[in-house]
Amino acid sequence: MKKKITTTVVAIASVFYLNFDAQTINLDTSFGNNGIVSIPLTGEADDLQISQSADNKIFVFGKDVPSFANKIYKLNLDGNLDNTFGSAGVLTLPNYISDFEIISQGSNGKILVTFQKTSNTASAETSILRYNSNGTLDTTFATNGEFKTSYDGADGFRSNNTVIFPDNSIILATGTRFIKLSANGIIDTSYGNNGFIDHTNSGNIQLSNSDILDFYDTKIEKINTTGNLISTFGVSGTFTYQNAGNYFSKQKSDGSIYSLDLEWLYFK
């Protein structure tokens, strides 16, 4: 018997915990209220996501519209809020505009939060904040807990713009370049040209072993950390979709890539 977590959004945000095997799928009634945990919202949820924490608990995070407050909820596996995190299990983040994501960094419970900090203008910025496992800002990261830089990509901001390597170092995609940071948020000047490599990107990247997958609406590029295409992937490093459109992509543990849009399910 396996378990799976899923979400839906209505007037409130709900987290479902499911039991499933080859033939049946049922709510796990030991989780929350008969298998459901409801997150109170003043309006509707935007950018709602769910992930697993380093200590195998549950993060639920998103923007509450119309208040536009960015919040992270941490749940125990029984569905109750983890009172050791934030304020009684809830961490309210800076009210940056959109496209925020949380990423666990290493096994010590550190949490990276990436944001679109300002609007998509000439002065646009993207930001990475780091929090401790209890939800306090880790001021040892970058400058007083925050690394920020300009974003000048033509495709606007994306929420999946950061990858973490096994040594906890960080690559941040900013539209026209990659920036490498040390585990503590300092630019790694040994990488590329003083920490930067010029490479046009969509701001949507995933780690594939020691390489990087760069996702666009029409194609996937696979590049090494120095910015060169991996020629054995697709056609000379690029896989082009048969039908262009917005899509969502995930990798399996064996490196297979699944991409889903409104009309097609592709397997690469």
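These legends walk through several close-up views of one predicted protein model.

Residues are numbered from 1 along each chain as its sequence is written. Because the model is predicted, local features need pLDDT of at least 70, side-chain atom pairs count only at pLDDT 80 or more, and totals for chains, interfaces and linings use all residues, while side-chain values use heavy atoms, with hydrogens and water left out.

View 1. Of the 268 residues, 47% count as buried, where buried means under 20% relative accessible area, exposed over 50%, and partly exposed in between (1.4 Å probe, protein chains only).

**View 2. Four strands form an open sheet in the order S17-S18-S19-S20.** The pairing is antiparallel, and two strands pair if DSSP finds at least two bridges between them. Strands S17 (205–208) and S20 (238–240) stand at the edges with a single partner strand each, so one side of each has no neighbour in the sheet. What holds strands together in general? Strands of a sheet pair through backbone hydrogen bonds, either parallel or antiparallel.

**View 3. Here is the pairing on the two sides of strand S18, with S17 and with S19.** S17 and S18 are joined by four bridges, and Ile205 has Asp214 in S18 as its bridge partner. In the hairpin of these two strands, two residues lie between them, and Asn209 takes a positive phi near 55°. S18 (residues 211–215) also pairs with S19 (residues 219–223) over four bridges, with Phe215 opposite Ile220.

**View 4. The largest nonpolar core has 14 residues.** Such a core is a set of buried Ala, Val, Leu, Ile, Met, Phe, Trp, Tyr and Cys residues joined through side-chain atoms within 4.5 Å. Which members touch the most others? They are Ile72, Leu93 and Val113. Strands S6 (58–65), S9 (98–105), S10 (110–116) and S11 (125–131) each supply at least two residues, and S10 gives the largest share, three residues. Apart from this core lies another of 11 residues, including Leu112 and Leu172.

**View 5. Asp82 and Lys57 meet in a salt bridge (3.3 Å, N to O).** A salt bridge is a side-chain nitrogen of Lys or Arg within 4 Å of a carboxyl oxygen of Asp or Glu, and by this rule the count comes to seven. Asp82 lies in the loop between S7 and S8, and Lys57 in the loop between S5 (44–52) and S6, so the pair ties together parts that are 25 residues apart in sequence. Is Asp82 buried or exposed? Asp82 counts as buried, at 3% relative accessibility, whereas Lys57 is partly exposed at 22%. Both belong to a network of salt bridges that also links Asp55 and Lys74.

**View 6. Lys219 and Glu221 form another salt bridge (3.5 Å, N to O).** Lys219 is partly exposed, with a relative accessible area of 25%, while Glu221 counts as buried at 10%.
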